[in-house]
Amino acid sequence: MSRIRIPIYFDYASTLCYIAWRIVGPLEDELGFEALWKGVPIATRDFRFKPGRVLGERERQKVLLVAAETGIAVTPPPSWIDSMPALQGSEIARDAGVFPAYHDAVFRAAFEQGADIADRKVLDAIAERTGIDRSMFRAALESGAMTARLAEHKREADEFSALGYPTFILGDFPMIGIQPIESMRLLLGRFIRQRAEEPQA
């Protein structure tokens, strides 16, 4: 039986999405589902999240509150990250069959190592470490080959009213935000059981 896929709309610029990634990873094998991460640049949704803008105190406190509630220690970056190159890179990695390794490496670089994931050299190095030819990766980034795919992700997210970060799509229901792992285990487990009990077409 194939694993149930749960789409998750996310952005590498979002510290809350990093927290979600830390929580979802252990639950995938435990509950037997596949997280289908779909990048949507937060800056295309709201001008307040423009890359380079200093993180407001209210935004910072929200992240710190969620970090405390979930037990995931993370310090939000001082300003909003330009995530567009990294998100485009994630789709190049998906096509190359190495999305999980690339995805993990970008989140770790941004929120654990303090690297600038808007820097093409940083992304080139991540791509190479995950098995993507560096010159092919750079050419695909510079061509904007994945721009249309990210636009399609945004269109899908808008249809689901997935307006926050992250957003989990549970059937037709968008669940916005992230909760402690115990709560996520219950919510996702219940959804997966309900799906498994549905009559097959």
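## Aromatic pairs

Rings of Phe, Tyr and Trp (its six-membered ring) pair if their centres lie within 6.5 Å; planes under 30 degrees apart count as stacked, over 60 as edge-to-face and the rest as tilted. One aromatic cluster is formed by Phe 10, Tyr 12, Tyr 18, Trp 21, Trp 37, Phe 107 and Phe 111. The structure holds 10 aromatic pairs.

## Basis of the model

The model is predicted: local features need pLDDT of at least 70, side-chain atom pairs count only at pLDDT 80 or more, and totals for chains, interfaces and linings use all residues. Residues are numbered from 1 along each chain as its sequence is written, and side-chain values use heavy atoms, with hydrogens and water left out.

## Phe 107 and its partners

Phe 10 and Phe 107 form a tilted aromatic pair, at 6.2 Å centre to centre and 55° between the planes. Phe 10 lies in strand S1 (residues 4–10) and Phe 107 in helix H4 (residues 99–111), so the pair ties together parts that are 97 residues apart in sequence. Helices (H or I, at least four residues) and strands (E, at least two) are DSSP runs, numbered from the N terminus.

Phe 107 also pairs with Phe 111: the ring centres are 6.3 Å apart and the planes are at 40°, so this pair is tilted. Both residues lie in H4, four residues apart, about one turn of the helix. Buried means under 20% relative accessible area, exposed over 50%, partly exposed in between (1.4 Å probe, protein chains only).

## A charge over a ring

The charged end of Arg 94 sits over the ring of Phe 99, 4.3 Å from its centre. The criterion is NZ of Lys or CZ of Arg within 6 Å of the ring centre and within 35 degrees of the ring normal.

## Helices H5 and H6

H5 (residues 120–129) and H6 (residues 134–143) pack at about 135°, with their axes 9 Å apart. Axes are lines fitted to C-alpha atoms, for helices over the stretch in contact, and angles run from 0 to 180 degrees between N-to-C directions. H5 and H6 are therefore oblique to each other. Angles under 35 degrees count as roughly parallel, over 145 as roughly antiparallel, 65 to 115 as roughly perpendicular and the rest as oblique.

Asp 124 is found in H5. Asp 124 is buried, with a relative accessible area of 5%. Arg 134, Phe 137 and Arg 138 are touched by Asp 124 (heavy atoms within 4.5 Å), not counting residues up to four places away in sequence.
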